[in-house]
Amino acid sequence: MWGVFGRINNVKRTGAFVRTATARKFSRAHILLASVAAITASLLINGSPILNDVSNRSLDGVEVDSAITPFETYFSSKQLPFLSSDHKLIASGVRSVTFMGFKVYGVGLYISAKDEPKLKSVIQELLKENPDHTVKTLLDDKKLSQDAVDKISQVVPYAVRITPIRNTDFQHMKDGLTKSILANPMAKEFRDAVAGGVEELRTVFQNFRGSFPKNKTLWVISDTKSTKLHNNVKDEQDMGQVGEQIISRVLLVSYLSNLQPLSKPLRENFVSYVTTLVD
Ligand SMILES: *[C@@H]1O[C@H](CO)[C@@H](O)[C@H](O)[C@H]1NC(C)=O
C-alpha cells in the first residue's frame with residue numbers, strides 16, 4: 001500500500017501528464033485493467049491518494065524502477081522455497097548514490113504476515129516508554145529508530161531483496177554490503193562481532209564472481225539469528241550463510257533506522273507501513 005502511496009503522491013504533485021504515464025506503468029506491470037480503471041477514476045474524481053484495500057490487493061507488483069521488473073507484493077513459500085514461509089512486501093525503494101542521485105538498486109523488504117504482530121508490539125512498547133512520541137516521530141528519531149529497528153531485527157525474520165538497476169558484478173554487491181555494515185555506527189559499538197561477521201560475509205562471496213546483471217536479485221534473509229544469501233543470476237542459488245547475529249541486526253538498522261538510511265524512500269515507505277499497522 002505504501003509503495004502505491006509513493007507513486008500516487010507523485011501523481012498528485014505533478015498532475016495530469018504523469019497521471020497518464022503512471023497508468024501506462026501500471027499496465028506494464030500486468031496490473032488488472034479493472035484496478036487501473038478504479039485508481040484512475042479515484043484520482044480523477046477526488047485526487048485522493050487514498051486507495052481502498054480491495055484495489056491495493058489486486059495490484060500484483062510495485063514498480064520500483066522501470067529498468068527492473070516490478071516487485072511482487074507477495075511470495076508463497078512454494079514460489080521461493082528459500083523463504084521459510086509466505087512473505088509480503090512491506091516496504092520498497094531505490095538506493096541512490098547520494099551526491100548525483102545516481103540509482104544503484106531497487107530494494108524491497110519482505111516479512112511474513114504472521115510476524116506482523118511482533119513488529120507491532122515492539123513499536124507499541126517503545127511508544128509506551130516514550131509517550132511524547134507518535135510512530136512517525138519515533139521512527140524519525142535517530143536513536144529511537146535505531147532501538148526500534150534493532151529490536152525488530154531480533155524478533156522478526158525478514159528478507160531483503162536487492163535488485164540492481166545497472167549491470168554490476170558480485171564484487172560490487174559484496175563491497176556494497178560490507179561497506180554499508182562497516183559504515184553503520186553499530187560497527188564501532190560491536191567491533192569484534194561485526195569484524196567476525198564481515199569476515200564470514202566475505203567468505204560467502206568467495207565462490208561467487210563475475211557479472212551480476214541488472215534485474216537479477218540478491219536476497220539477504222534473516223531468521224533473526226543467522227543471515228542467508230541467495231541469488232538468481234544463473235539459476236536459483238543458495239550462497240551460504242553468516243552465523244554472526246550482529247550482521248542481521250546491523251543490516252536492518254542500516255536500511256530502516258534514521259541514523260543514516262541506505263535508501264530514504266525505503267525508510268519512508270517503512271514508516272508509512274508501520275503507521276498503518278500500529279494506528
Ligand atoms: C526482468 O526479469 C524478469 C524475469 O525475472 C522479466 O520477466 C522482465 O521482463 C525483466 N525486466 C526487464 C525490464 O528487463
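A residue counts as exposed when its relative accessible area is over 50%; asparagine 207, at 66%, is therefore exposed. This residue belongs to a predicted model of a chain with 12 helices and 11 strands. Of the 279 residues in the chain, 50% are buried. Among contacts between residues at least 6 apart in sequence, 66% join residues at least 24 apart.

**Helix α7 against helix α11**

- Two packed helices are described by the angle between their axes and the distance between the axes.
- For helix α7 (residues 142-155) and helix α11 (residues 246-256), the axes come within 8 Å and cross at roughly 135 degrees. That angle makes α7 oblique to α11.
- The crossing in which α7 passes α11 is right-handed.
- On the α7 side, the residues in contact are Gln146, Val149, Asp150, Ile152, Ser153 and Gln154; their partners in α11 are Ser248, Arg249, Leu252, Val253 and Leu256. By class, this contact comprises 5 nonpolar, 4 polar and 2 charged residues.
- Helix α11 is mostly covered, with 11 of its 11 residues buried. The buried residues of α11 include Ser248, Arg249 and Ser254 as well as Ile246, Leu251 and Tyr255.

**Helix α8 against helix α10**

- The axes of helix α8 (residues 170-183) and helix α10 (residues 191-205) come within 11 Å, with a crossing angle of roughly 170 degrees. The two helices α8 and α10 are therefore roughly antiparallel to each other.
- From α8, the residues Phe170, Met173, Lys174, Leu177, Thr178, Ile181 and Leu182 meet Val194, Val198, Leu201, Arg202 and Phe205 of α10. This contact of α8 with α10 is made up of 9 nonpolar, 1 polar and 2 charged residues.

- In soluble globular proteins, nonpolar side chains tend to be buried together.
- The largest nonpolar core in this model has 58 residues, and those with the most contacts inside it are Leu119, Ile123, Leu218, Tyr255 and Phe270. Helix α11 gives the most to this core, with 8 residues.
- Beyond its neighbours within four places in sequence, leucine 119 is in contact with Ile90, Ile111, Ile152, Val156, Phe270, Tyr273, Val274 and Leu277. A second, separate core of 15 residues includes Val62, Ile68, Phe75 and Tyr110.
- Ile152, one of the partners of leucine 119, is also among the α7 residues that meet α11.

- Asparagine 215 has a phi near 75 degrees, a positive value in a residue other than glycine. Its place is in the loop between β8 (211-212) and β9 (218-222), and with a relative accessible area of 33% asparagine 215 is partly exposed.
- Threonine 224 likewise has a positive phi in a residue other than glycine, near 85 degrees. This threonine lies in the loop between β9 and β10 (227-231). At 7% relative accessibility, threonine 224 counts as buried.

**Residues brought together from separate parts of the sequence**

- Proline 265 lies in helix α12 (residues 264-278) and, at 40% relative accessibility, counts as partly exposed. The C-alpha atom of proline 265 is 6.5 Å from that of valine 94, although the two residues are 171 apart along the chain.
- Not counting residues up to four places away in sequence, proline 265 touches Ser92, Gly93 and Val94.
- Asparagine 207 is placed in the loop between α10 and β8. Its C-alpha atom is separated by 8.2 Å from that of methionine 239, a residue 32 places away along the chain.
- Glutamate 63 lies in the loop between β1 (61-62) and β2 (71-72). With a relative accessible area of 11%, glutamate 63 is buried.

Note on methods. Residues are numbered from 1 along each chain as its sequence is written. This is a predicted model: local features need pLDDT of at least 70, side-chain atom pairs count only at pLDDT 80 or more; totals for chains, interfaces and linings use all residues. Side-chain values use heavy atoms; hydrogens and water are left out. Axes are lines fitted to C-alpha atoms, for helices over the stretch in contact, and angles run from 0 to 180 degrees between N-to-C directions. Helices (H or I, at least four residues) and strands (E, at least two) are DSSP runs, numbered from the N terminus. Angles under 35 degrees count as roughly parallel, over 145 as roughly antiparallel, 65 to 115 as roughly perpendicular and the rest as oblique. A crossing is left-handed if the near helix is turned anticlockwise from the far one by less than a right angle, and right-handed if clockwise. Contact means heavy atoms within 4.5 Å. Ala, Val, Leu, Ile, Met, Phe, Trp, Tyr, Cys and Pro count as nonpolar, Asp, Glu, Lys and Arg as charged, and the others, Gly among them, as polar. Buried means under 20% relative accessible area, exposed over 50%, partly exposed in between (1.4 Å probe, protein chains only). A nonpolar core is a set of buried Ala, Val, Leu, Ile, Met, Phe, Trp, Tyr and Cys residues joined through side-chain atoms within 4.5 Å.
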